[in-house]
Amino acid sequence: MQRAQRNSLRLLQWMMAASLALPVALFVITSAISYTSTRDIADREIERTLDVVHEHALKVFETIDRSLAELNEVVRGLPDDVIRAREPALHRRLRRLTDSLPQLKSAWIFDADGKALVNSLASPPPELRFADRDYFYAHVDQTIGSFIGTALTPRPPYQGARFFGVSRRRDSDDGSFIGVIQASVLPEYFESFYARIGSDAGSFFAMGRADGVLLAQFPRLERDLRLDPTGPVGREIAARPAHGLITVAWPSDGIERRIGYRRVAEYPIYVSAGLETSAIRARWLATMGQHLVFGIPATALLFLLLALALRRTQHLQAEAAKRREAEEALKHSQRLEALGQLTGGVAHDFNNLLTVIRASVDLLNRPQLTEERRQRYITAIADAVARAAKLTSQLLAFARRQTLKPEVFDVGERMQALHDMLAPLLGPAIEITMRLPTEPCLVHADAGQFETALINMATNARDAMQGKGRIVFTVEAAAAVPDTLAHAPGSQTLVNQNLGSQSLGSQSLANQNLANRGFISVTVSDTGVGIPAARLERIFEPFFTTKQVGHGTGLGLSQVFGFARQSGGEVTVRSEVGHGSTFSLYLPRVPADLLPQRQAPNTAPAVAGSGMSVLLVEDNIELANFAADGLTELGYSITLVDNATDALAELDMDADRFDVVFSDVVMPGMTGLDLAQAICQRGIGVPVVLTTGYSQALAQDGAAGFDLVQKPYSIEELSRILHRAARIRRVRDGAAE
């Protein structure tokens with residue numbers, strides 16, 4: 001009890017520690033998972049935004065490229081003089097073009113020297129040369145298609161926002177260079193678009209040329225920037241030129257960002273979209289903060305409740321320790337009272353039996369006794385001995401310490417065979433109904449104890465009906481034992497306190513039955529007076545009976561209880577006053593293929609010894625002389641010793657002169673079971689037969705494969721078992737019998 005209390009306190013302490021450690025561990029794991037999830041969500045958002053940015057840039061450049069191609073077709077084949085002559089009309093056309101495209105600041109047509117022939121800003125255009133601009137000289141020596149220049153500042157007298165040029169080469173019919181058509185594109189147009197779609201904190205957008213020149217950025221950059229091709233961004237683009245996703249500190253401001261990039265179709269332009277890693281962490285921290293809002297109060301409340309439970313448990317255990325001393329005295333008196341009840345009941349019944357035996361012996365000693373009276377007294381002694389043996393068996397059955405002889409048998413067949421025995425036992429005024437299943441219901445139990453238990457339940461039902469009524473015996477399969485058991489808790493306490501706890505042998509049997517397929521239920525229902533609820537808790541106690549003095553021992557239902565428990569089963573009772581009672585015996589079921597082949601019963605009389613040599617080991621001299629005299633009269637040769645040590649000495653001297661060893665189990669020093677095991681270990685080829693009335697060792701472990709004769713035994717039974725053991729040895733040794 002104290003160990004259990006210490007364990008409960010230790011458990012609460014561990015639970016208090018776990019109430020903190022487990023949430024922390026879960027929070028750490030959840031944080032890691034949540035961070036990964038938040039980053040994955042951010043990557044998907046970047047990819048979706050990058051799709052929008054890429055589509056926007058592609059449409060802008062395709063529109064500009066198509067507009068420049070149309071202008072080139074308009075002025076194709078026209079000399080510069082003709083273009084100047086048509087300048088007002090062309091100016092208006094360029095003006096309409098720039099007004100319709102918000103991304104354009106202006107549109108220009110240049111001659112071969114870089115002078116503006118027409119533009120959308122002024123008519124006529126000032127006499128300025130633009131041959132030094134990248135969008136012009138890039139076309140002079142080669143045909144490169146559409147060219148996208150760097151960001152430039154307007155040249156006076158032109159003013160306004162910075163721009164970058166998108167231009168195409170003007171060719172003559174023979175393919176020579178005659179000028180450039182150019183559109184000035186506003187970076188702020190892209191930046192304004194990025195500002196509209198980048199509403200989330202930490203959003204980032206950029207657009208630049210393939211050589212690293214930055215054309216537009218959000219947040220806006222106040223200076224020109226060219227990315228180093230050997231830097232992190234340049235190396236990543238070189239490794240994966242189509243698209244990619246990287247985490248990098250952006251060169252313009254040093255802020256770490258998660259950035260996705262993609263090339264705009266066939267144009268030497270890259271667009272990118274991203275989020276600051278600090279913004280991604282902020283999202284994650286916000287999510288974890290929501291968890292903490294609920295997690296911290298719940299964890300604190302759980303820890304507080306466990307602390308209160310620990311304090312309460314310590315207080316209760318302190319009070320329990322104070323009561324324990326007083327309860328020990330009460331338990332001691334209860335144990336003595338229960339032991340006194342058991343001892344008194346045994347003494348009463350055995351004294352009755354001894355009185356019958358003593359009186360019969362005295363009468364047998366009288367002279368001139370007739371043969372009829374002598375035979376009657378001998379029969380009375382035999383009956384008293386049988387009743388005493390049955391009383392002992394019932395006590396051991398209740399204590400679950402008798403040595404069972406389990407076998408596999410069909411409960412339905414055994415019930416059918418008992419029908420003829422039950423009819424005269426119960427009387428003609430009782431109607432017997434048996435409801436037996438058609439399929440085999442096999443159990444692994446002691447068949448004799450099963451029949452005794454059934455007879456005890458039947459006679460109990462007969463007495464409850466006062467010899468008149470109806471008893472129904474039902475055999476059926478059950479999936480499990482009912483959860484609510486009506487047998488008395490007091491009977492279990494009495495067994496544990498006075499007769500010992502369940503034997504290891506029964507535990508082993510119960511363990512074997514764990515693999516069985518359910519249970520077999522044997523139900524005995526009567527139409528008797530019923531059992532009051534106050535008595536239901538005591539009906540399985542030994543020597544408790546409601547019958548008149550001399551009409552019952554009070555051990556019948558105790559035997560049923562002990563047999564059921566030792567067989568790995570259970571017994572339950574349901575009763576209502578005035579409506580009868582129902583007793584249900586549950587035994588573990590076994591598969592049908594375990595049923596052994598039927599063998600004819602052995603009813604042979606005593607077997608003559610014919611000079612067979614027996615080493616008899618018995619420490620009780622009276623019993624030893626009885627067995628020796630009886631076997632000698634049957635022709636056996638007996639060597640008698642009173643301890644196992646002397647028996648081993650006789651065998652070591654000359655084991656071949658003995659045909660069999662017959663030994664008691666319970667002896668001082670070396671027991672009979674130890675003797676049998678020593679004989680096997682030494683390789684002595686003499687069979688061993690054991691005998692006992694009760695042995696703790698045999699109740700725990702069984703007879704270990706040796707033949708066993710239960711006390712009290714008859715000379716006839718003993719002679720048959722000794723003869724069979726010796727005969728097996730002779731056959732094994734190849735000797736004729």
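Two strands are taken as paired if DSSP finds at least two bridges between them. Helices (H or I, at least four residues) and strands (E, at least two) are DSSP runs, numbered from the N terminus. The model is predicted: local features need pLDDT of at least 70, side-chain atom pairs count only at pLDDT 80 or more, and totals for chains, interfaces and linings use all residues. Residues are numbered from 1 along each chain as its sequence is written, and side-chain values use heavy atoms, with hydrogens and water left out.

**View 1. Strand β6 and its antiparallel partners, β10 and β7.** Seven bridges connect β6 with β10 (residues 269-276), and Met207 stands opposite Val271 in β10. Four bridges link β6 to β7 (residues 214-218), where Phe218 is the bridge partner of Phe205. The hairpin formed by β6 and β7 has four residues between the strands, and Gly212 in the turn has a positive phi of about 100 degrees.

**View 2. Burial of strand β6.** Seven of the seven residues of β6 (residues 203-209) are buried, so the strand is largely enclosed by the rest of the structure. Buried means under 20% relative accessible area, exposed over 50%, and partly exposed in between (1.4 Å probe, protein chains only). Ser203, Phe205, Met207 and Arg209 point one way from β6, and Phe204, Ala206 and Gly208 the other way.
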